[in-house]
Amino acid sequence: MSTAESAKPSALFVCVHNAGRSQMAAGFLRALSDGAVEVRSAGSMPAEMINPTAVEAMLEKGIDIRAERPKVLTNEAVQASDVVITMGCGDACPIFPGKRYEDWELDDPAGQGIEAVRPIRDDIEKRVRVLLTELGVGSVA
């Protein structure tokens, strides 16, 4: 088997600040794929720190994203990913031929309380489970 055939699929989640939505999506994909998918996240204008309410919402699901840090979106990250999922960053994401792009319409959890963030988190989890199926990777839970 060649390296290309054995390479695991990769996904990049992009939102403006890389502090909430994209971090929750990356956390779910890492946890549910159990390492079968290479996961990246980035922001067009990264925040200084991850959204503490997003962290709290994910901890309720048993997923710890406290160690994550917002990262700047690079062309290299896009080129290295099979699927690029944007969440409200619009034209800030570079387009490369041959990449699969999706835009997930999600409310921004920035400045929201836990009650408002939970439904966003749950929506992200459902979408990540569908993505896993589309990538041909089963979820562990």
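## Ser33 in helix H2

Ser33 lies in helix H2, which covers residues 21-33, in what is a predicted model. With a relative accessible area of 4%, Ser33 counts as buried, because a residue is placed in that class when its relative accessible area is under 20%. Leaving aside residues up to four places away in sequence, Ser33 is in contact with Phe28, Leu132 and Val137.

## Met49 in a loop

Met49 sits in the loop that runs between strand E2 (38-43) and helix H3 (52-59). In contrast to the buried Ser33, Met49 is exposed, its relative accessible area being 53%. When residues up to four places away in sequence are not counted, Met49 touches Ala19 and Pro70. Between Met49 and Arg21 there are 13 Å in space, taken from C-alpha to C-alpha, and the two residues are 28 residues apart in sequence.

## The aromatic pair

One aromatic pair is present in the structure. The ring centres of Phe13 and Trp104 are 5.8 Å apart and the ring planes meet at 55°, so the pair is classed as tilted. This pair joins distant parts of the chain, since Phe13 belongs to strand E1 (residues 10-15) while Trp104 is in the loop between strand E4 (100-103) and helix H5 (114-134), with 91 residues separating them.

Methods. Residues numbered from 1 in each chain as written. Predicted model: local features only at pLDDT ≥ 70, side-chain atom pairs only at ≥ 80, totals over all residues. Heavy atoms only, no water. Phe/Tyr/Trp six-rings, centres within 6.5 Å; stacked < 30°, edge-to-face > 60°. Helix = DSSP H or I, 4+ residues; strand = E, 2+ residues; numbered from the N terminus. Buried < 20%, exposed > 50% of the residue type's maximum accessible area, 1.4 Å probe, protein only. Contact = heavy atoms within 4.5 Å.
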